[in-house]
Amino acid sequence: MDPTARDNQEAFIRLYVANEESLRSYVRSLVPSLDDSREVMQEIAAVLWRKFNPQDPPDHFRRWAFGVARLEALVHRRAVSRDRHVFSEETINLLAASAEELSDNLEQERVALRDCLSRLPSTKRSLLEAAYAPEARIDHLAVETGRTPMSLYKALHRIRLELLECTRRFLARGDAT
């Protein structure tokens, strides 16, 4: 593979991976079943790769990908239109508009939360990471930290409130745009 093709492939993968979670949520809101949304996501990825133009500005990728997703959801709807559980085109367009707006808001909230998490003192951040680690148990964590489970719950609650207030301030300033 020549260096230009490799660079184009890397640019596409970075943009796709950065937007895949919100794109998947968007598609899931437009397609009635999880299996169907997986199928549509495969089609979307194929179309995006085929039509990817590395000359386009990276900040246009997300809006373009959502447009492709909406069109692929409509194509899928037409293909299975005999099923009585399929949304009408008008409903899909309404859901698409709503999901795009929600997705943009969620992305801004993720940016805000990441920023606020990075500003937490390391002790609080470590406590959150330990509490939300896979298969973490508060009773075990309480023993490890020398606290009672109730005091640990209260500490985590205070940290969550601190993060909530921080994200609200962040979003009110408009830093996530």
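This is a predicted model: local features need pLDDT of at least 70, side-chain atom pairs count only at pLDDT 80 or more; totals for chains, interfaces and linings use all residues.

Residues are numbered from 1 along each chain as its sequence is written, and side-chain values use heavy atoms, with hydrogens and water left out.

**Nonpolar cores**
- A nonpolar core is a set of buried Ala, Val, Leu, Ile, Met, Phe, Trp, Tyr and Cys residues joined through side-chain atoms within 4.5 Å, where buried means under 20% relative accessible area with a 1.4 Å probe, protein chains only.
- The largest nonpolar core has 24 residues, of which Leu23, Tyr26, Ile44, Leu48 and Phe61 touch the most other members.
- Two or more residues of this core come from each of helix 1, helix 2 (34-51), helix 3 and helix 4, helices being DSSP runs (H or I, at least four residues) numbered from the N terminus.
- Another core, of 14 residues, lies apart from it and includes Cys116, Leu128, Ala142 and Leu152.

**Helix 5**
- In helix 5 (residues 122-131), the residues Leu127, Leu128 and Ala131 are buried.
- These residues are on the same side of helix 5 because they cover an arc of only 100 degrees around the axis, taken from the directions from the helix axis to the C-beta atoms.

**Largest pocket**
- Residues Ala18, Asn19, Asp59, Arg62, Arg63, Asp104 and Glu107 line the largest pocket, a pocket being an open set of points on a 1 Å grid over the protein atoms alone where a 1.4 Å probe fits, with protein on both sides within 12 Å along at least five of seven lines, and lining residues having an atom within 4 Å of a point.

Technical notes:
Buried means under 20% relative accessible area, exposed over 50%, partly exposed in between (1.4 Å probe, protein chains only).
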